[in-house]
Amino acid sequence: MYLASLLRRTMRVESKHVATHFVQQRALSGADAVSALRPFYFAVHPDFFGQYPREREVNENSLKRLNGYLENLQKSGARSVQPTKLTFYVRETKDSGDMQQDLLHFGFRSVSFTLHTKDVLSTVVNVLKSCSLPVEHMKGLKASMETAKTPPGTGMPFYRPIKWDKTYYSFTGFRDPEQELQQAKRVEPKLSSWLRNNEPEATKRHSASLPRRDELKRLKKELCQRFSLADIRWQRSWGVTHRCCQLQSLSRLAQQNPEALINLQGHTVVFTDQSGMNASGHVMLGTMDVHHQWTKLFEMLPNYRSLQQQTEWLKERISLLLGGAQVIHVDRLGPVQSIAEHYSTLNTFHKRLMSRCLRLHPRSLQGLAMTLENDRSTPSLHETGHFIIPTNCDPPKLQAFFQSHAPEARRRIQRKNQLQAEEDVAVKACLHSLSLRSLSKEPSISSSQMIPCCQRLLEQRSPLMQGLHICISHFYSVMQDGDICIPWDWKS
């Protein structure tokens with residue numbers, strides 16, 4: 001009863017009624033959808049977020065999920081598409097002038113919404129309206145929809161980046177992101193000159209942040225020891241001041257109502273955008289929620305743990321059916337998957353496997369891993385070696401895919417482990433030889449990019465880097481606490 005109640009509460013999705021009275025025909029081709037979404041693509045295109053790598057990656061990740069959702073609608077119909085929550089950072093454009101009050105000081109705003117539409121047209125309208133973008137231009141699609149109907153299974157795939165003709169930018173006056181990136185690369189400074197110009201400011205900011213850094217360490221250690229927490233983490237790379245405020249808020253709650261935090265024992269706490277438990281079993285504390293909401297979450301933790309146990313049981317059953325392959329969850333920068341959503345995905349996939357008899361040796365896929373995706377239509381193999389499997393994948397086809405791709409998966413896993421070991425050695429050498437306080441990287445930086453970057457840093461041995469916190473990214477930047485971001489392919 002408790003599990004059913006918890007699932008109903010956490011899986012409830014608010015229904016949005018989209019007004020589509022101006023279109024009578026519901027079928028929409030891939031080309032028409034791309035055309036209709038141009039204002040949206042222009043507002044969220046990752047290439048326009050060059051100076052904001054975190055927001056760029058959130059948009060890039062969400063675009064992939066949106067494109068997969070649209071592709072599934074075209075290829076296999078609405079029954080195979082699950083609700084998908086998306087988050088975008090939307091730039092200020094001439095089409096979003098009514099939302100000035102919601103803009104961040106960087107010139108863009110954060111928008112989150114859930115797609116639960118059953119056709120391409122409704123999805124396009126939902127996306128545009130959720131981002132406060134106009135939909136009047138879609139009236140012109142009536143004629144094309146009457147004559148161009150895309151049969152199932154032949155839909156145009158949605159993908160990024162979109163290559164617009166140069167005349168589009170000349171006619172609209174919009175900036176060409178490809179041209180901007182080329183210009184940025186031409187004027188990108190050398191690492192040595194950039195450090196000379198920015199190291200003093202970074203050192204000044206770092207010195208000013210030292211009291212806050214010490215306070216952050218003290219609060220984290222105190223809370224972990226008092227309530228036997230496994231760890232305290234943050235989903236996003238917030239500054240030290242922001243993190244301190246979050247820990248201070250949790251510490252005040254612990255002083256006012258210490259009994260409320262007893263259920264946290266043994267858990268990892270993650271400060272993020274929403275409260276609940278994520279697919280990894282970590283307790284999520286929404287940074288915009290108040291103490292009352294946190295307290296209610298703590299009271300529900302026994303039920304969440306029960307749901308987590310059911311989730312682990314499903315993983316074990318799936319592994320037995322699939323030759324020892326393990327279901328894993330890869331944390332993303334986009335919307336976090338809750339434990340209830342993860343359970344629902346596993347349960348659906350398990351039932352689908354049980355409906356057909358698979359002929360896989362019990363240990364034939366031992367040591368391999370896979371993730372389950374609701375918004376995909378075909379299985380694939382990730383570059384790091386794990387399988388990406390659609391929840392609605394046909395079991396016989398899945399068996400054939402596993403058997404034909406297992407050797408390549410093992411080769412990629414071996415290569416990934418080898419690169420990770422080389423990266424660890426390179427990072428350790430940089431920390432020691434360059435006297436860095438820390439050396440990290442953005443999630444989008446691969447080991448094959450990080451390793452040569454570290455090797456080149458060791459060759460240059462700039463004294464200006466001593467005592468700094470360095471983050472390998474795609475662009476130069478001095479963060480508010482004095483941390484320095486440098487591109488992995490910096491110029492010497």
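Arg-461 is found in the loop between helix H14 and strand S12, where helices (H or I, at least four residues) and strands (E, at least two) are DSSP runs numbered from the N terminus. This is a predicted model, in which local features need pLDDT of at least 70 and side-chain atom pairs count only at pLDDT 80 or more, while totals for chains, interfaces and linings use all residues. Residues are numbered from 1 along each chain as its sequence is written, and side-chain values use heavy atoms, with hydrogens and water left out.

Arg-461 has a positive phi of about 50° although it is not a glycine. Most residues other than glycine have a negative phi, and most peptide bonds are trans. At 48% relative accessibility, Arg-461 counts as partly exposed; buried means under 20% relative accessible area, exposed means over 50%, and partly exposed lies in between, with a 1.4 Å probe and protein chains only. A positive phi, of about 55°, is also found at Ser-228, which is not a glycine. Ser-228 sits in the loop between H9 and strand S3 (231-234), and with 38% relative accessibility it counts as partly exposed.

Arg-461 follows helix H14, and that helix can be checked for its length. H14 covers residues 447-460, and at 1.5 Å a residue its 14 residues should span 20 Å, which agrees with the 20 Å between its end C-alpha atoms; the expected span is 1.5 Å times one less than the number of residues. The buried residues of H14 are Ser-447, Gln-449, Met-450, Ile-451, Cys-453, Cys-454, Leu-457 and Leu-458. What covers these buried residues includes helix H9 (191-227) and helix H13 (395-433), together with strand S11 (438-441), strand S12 (469-473) and strand S14 (484-487).

Helix H13 also holds Gln-420, which counts as partly exposed at 35% relative accessibility. Although Gln-420 and Ser-446 are 26 residues apart in sequence, their C-alpha atoms are 9.4 Å apart in space.

The chain as a whole has 14 helices and 14 strands, and buried residues make up 47% of its 492 residues. Of the contacts in the chain with a separation of 6 or more, 70% are between residues 24 or more positions apart, contact meaning heavy atoms within 4.5 Å.

Two helix pairs share helix H11 (residues 291-321). With helix H10 (residues 240-256), H11 packs at an angle of about 70°, the axes being 11 Å apart; axes are lines fitted to C-alpha atoms, for helices over the stretch in contact, and angles run from 0 to 180 degrees between N-to-C directions. H10 and H11 are therefore roughly perpendicular to each other, given that angles under 35 degrees count as roughly parallel, over 145 as roughly antiparallel, 65 to 115 as roughly perpendicular and the rest as oblique. Their crossing is right-handed: a crossing is left-handed if the near helix is turned anticlockwise from the far one by less than a right angle, and right-handed if clockwise. In this contact, Gln-246, Ser-249, Leu-250, Arg-252, Leu-253 and Gln-256 of H10 meet His-291, Trp-294, Thr-295 and Phe-298 of H11. By class, the contact of H10 with H11 has four nonpolar, five polar and one charged residues, where Ala, Val, Leu, Ile, Met, Phe, Trp, Tyr, Cys and Pro count as nonpolar, Asp, Glu, Lys and Arg as charged, and the others, Gly among them, as polar.

With helix H12 (residues 339-354), the axis of H11 comes within 9 Å and crosses at roughly 30°, which makes H11 roughly parallel to H12. H11 passes H12 in a left-handed crossing. Among the residues that make the contact are Tyr-304, Leu-307 and Leu-314 of H11 and Tyr-343, Leu-346 and Phe-349 of H12. The residues of the contact of H11 with H12 divide into 12 nonpolar, six polar and two charged.

Not counting residues up to four places away in sequence, Thr-84 touches Arg-65, Tyr-69, Phe-113, Thr-114, Leu-115 and Asp-375. Thr-123, found in helix H5 (residues 120-130), counts as buried at 0% relative accessibility. Leaving aside neighbours within four places in sequence, the contacts of Thr-123 are Leu-66, Tyr-69, Leu-70, Leu-73, Leu-115 and Thr-117.
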